[in-house]
Amino acid sequence: MAKANLKWTFSIENTERLGLNAKSGLITYAVSGIATSPDGEDSVFIATNNLDPRYPERFKVNWNGSKARMPLATGHGIGDDVVQAAAPVTAGFLLSRGARIAIAAKCKVLLGNSLEPTADEVPAVPEADDEDAS
């Protein structure tokens, strides 16, 4: 089992736009990439953007909910739709907290301006008629 730290190099290989999240109205992205060890061994990781409208610029990499510092296999805690859209993750691959932060920073630079939907992507809300309001 490999555990990536900041001695590894990380590259984003693919980003997949999955559409608008019904609850938050934010676009969901699946990001996959390669982590390369100092020995030249490659491992695949996945990430997704945070769908909390208060923090749309944040990313989840090997996310584990309230236990974010506890390492679990890459992909744990990430939605099934993201896992299916991204490249298959390397079995048993772990990421240190510093590695997750480095990957999230790369994702933010890559997708930063496209994380919030534009006006034409947000579904229109029908306006109430004045007659119905009485």
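This is a predicted model: local features need pLDDT of at least 70, side-chain atom pairs count only at pLDDT 80 or more; totals for chains, interfaces and linings use all residues.
Two strands are taken to pair if DSSP finds at least two bridges between them, and by that criterion β4 and β5 pair in the antiparallel sense, over three bridges.

**Chain overview**

- Of the 134 residues in the protein chain, 34% are buried, while the accessible surface of the chain comes to about 8,300 Å², with 51% of that area belonging to carbon and sulfur atoms.

**Strand β4 and its partners**

- Strand β4 covers residues 42-49 and is mostly covered, seven of its eight residues being buried.
- On one pairing, β3 and β4 run antiparallel and are joined by seven bridges, and within this arrangement glycine 33 stands opposite phenylalanine 45 in β4.
- The hairpin of β3 and β4 has five residues between the strands, and in this hairpin glycine 40 takes a positive phi near 90°.
- On the pairing with β5, threonine 48 has lysine 60 as its bridge partner.

**Serine 43**

- Serine 43, which is found in strand β4, has a relative accessible area of 1%, and because buried means under 20%, serine 43 counts as buried.
- When its neighbours within four places in sequence are left aside, serine 43 is in contact with Trp8, Gly33, Ile34, Ala35, Thr90 and Phe93.

**The largest nonpolar core**

- The largest nonpolar core holds 18 residues, of which Ala4, Phe10, Phe45, Phe93, Leu95 and Ile103 touch the most other members.
- At least two residues of this core are supplied by each of β3 (27-36), β4, β5 (59-61) and α2 (97-111), and α2 gives the most, with five residues.
- Phenylalanine 10, one of the core residues named above, is in contact with Ala4, Asn5, Ile34, Ala35, Phe45, Leu95, Ala99, Ala102, Ile103 and Lys106, once its neighbours within four places in sequence are left aside.

**Aromatic residues**

- A pair of aromatic rings is described by the distance of the centres and the angle of the planes.
- A search of the whole structure finds one aromatic pair; the rings of phenylalanine 10 and phenylalanine 45 have centres 6.4 Å apart and planes at 75°, so this pair is edge-to-face.
- The pair links distant parts of the chain, since phenylalanine 10 belongs to strand β2 (residues 9-20) and phenylalanine 45 to strand β4, 35 residues apart.
- Both partners are buried: phenylalanine 10 has a relative accessible area of 10%, and phenylalanine 45 has a relative accessibility of 0%.
- In a separate arrangement involving a ring, the charged end of arginine 58 sits over the ring of tyrosine 55, at 4.0 Å from its centre.

Note on methods
Residues are numbered from 1 along each chain as its sequence is written. Side-chain values use heavy atoms; hydrogens and water are left out. Helices (H or I, at least four residues) and strands (E, at least two) are DSSP runs, numbered from the N terminus. Buried means under 20% relative accessible area, exposed over 50%, partly exposed in between (1.4 Å probe, protein chains only). Contact means heavy atoms within 4.5 Å. A nonpolar core is a set of buried Ala, Val, Leu, Ile, Met, Phe, Trp, Tyr and Cys residues joined through side-chain atoms within 4.5 Å. Rings of Phe, Tyr and Trp (its six-membered ring) pair if their centres lie within 6.5 Å; planes under 30 degrees apart count as stacked, over 60 as edge-to-face and the rest as tilted. A charge sits over a ring if NZ of Lys or CZ of Arg is within 6 Å of the ring centre and within 35 degrees of the ring normal. Accessible areas come from the Shrake-Rupley method with a 1.4 Å probe; for residues, only the protein chains shown count as cover.
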